[in-house]
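User: I have a chain open here and want to go through it with you. Can we start with the charges?

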Amino acid sequence: MGNQSSYALFTKMRSYAAEHHVPIMEEQGIDELIELLQRQEPKKLLELGTAIGYSALRIAEALPDAHIDTIERDLGRYEKALEYIGESSLESRVRAICADALEVERAELDAPYDAIFIDAAKGQYERFFEKYERLLSDNGMIYCDNMSMHGMTELPIKQVPKRKRTMIRNIRSFREKMVEHPRFHCELLAVGDGLLVCTKK
């Protein structure tokens with residue numbers, strides 16, 4: 001991988017994320033997601049929520065035939081992601097886009113995608129899903145992270161910090177709707193911070 005080993009780069013990224021309070025996927029969660037993706041073998045992926053590019057690069061390394069588009073609205077994080085992508089040997093297969101995922105035009109994207117990974121603003125998952133499910137290939141799958149939100153989705157709402165209650169209500173509502181979704185079969189996995197796996201019926 002480029003000028004340094006993937007192990008060294010990923011270690012550096014984890015340290016940066018911890019130091020600068022950038023949320024990246026928990027190790028158990030990313031390992032499980034990669035295992036599911038290796039089973040699925042998608043050729044084109046879309047990630048909503050690049051942060052510093054950690055999960056996109058981990059996925060690209062684990063799936064050597066896959067191309068990944070990843071969207072990040074925070075300019076600072078996007079620029080850091082570009083830096084790390086440049087340090088890897090994966091930049092020909094990972095394309096970062098600086099934009100609000102709810103405002104991106106289809107023309108900017110390489111749709112359809114075989115897999116879509118939603119890991120952006122937690123209170124907006126329902127809107128993300130509605131916008132992007134139409135960009136999925138026939139056998140495509142959608143993966144949604146943070147369905148547990150560090151256990152907060154299981155707490156009585158009064159025990160959730162006030163500033164997070166709207167987000168937690170939105171995640172709960174999204175989870176409930178997905179169970180009943182007319183076009184998708186959804187399974188909630190208790191790995192990492194809670195991973196929802198949605199397959200077209």
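Analyst: The protein chain carries 28 positive and 34 negative side chains, and the centres of the two sets are 7 Å apart. Lys and Arg count as positive and Asp and Glu as negative, while His and the chain ends are not counted. Each charge is placed at NZ of Lys, CZ of Arg, CG of Asp or CD of Glu.

User: What kind of model is this, and how are residues numbered?

Analyst: This is a predicted model: local features need pLDDT of at least 70, side-chain atom pairs count only at pLDDT 80 or more, and totals for chains, interfaces and linings use all residues. Residues are numbered from 1 along each chain as its sequence is written, and side-chain values use heavy atoms, with hydrogens and water left out.

User: OK, cysteines. How many disulfides?

Analyst: The count is zero disulfides, where a disulfide is a pair of cysteine sulfur atoms within 2.5 Å.

User: Is Cys144 buried or exposed?

Analyst: Cys144 is buried, at a relative accessible area of 0%. Buried means under 20% relative accessible area, exposed over 50%, and partly exposed in between, with a 1.4 Å probe and protein chains only. Cys98 is partly exposed, at 36%.

User: Switching to the fold. What's the secondary structure?

Analyst: Six helices and seven strands, in the order α-α-β-α-β-α-β-β-α-β-α-β-β along the sequence. These are DSSP runs numbered from the N terminus: helices are H or I with at least four residues, strands E with at least two.

User: And how much of the chain is buried?

Analyst: Of its 201 residues, 50% count as buried.

User: Where is Ser148?

Analyst: Ser148 lies in the loop between β5 (136–144) and α6 (165–179). At 19% relative accessibility, Ser148 counts as buried.

User: Which residues does Ser148 touch?

Analyst: Leaving out residues up to four places away in sequence, Ser148 touches Thr153, Arg175, Asp193 and Gly194. A contact means heavy atoms within 4.5 Å.

User: Gln159 next. Buried or exposed?

Analyst: Gln159 is exposed, with a relative accessible area of 54%. Gln159 is also found in the loop between β5 and α6.

User: How many residues apart are Gln159 and Gln38?

Analyst: They are 121 residues apart in sequence, and their C-alpha atoms are 38 Å apart in space.
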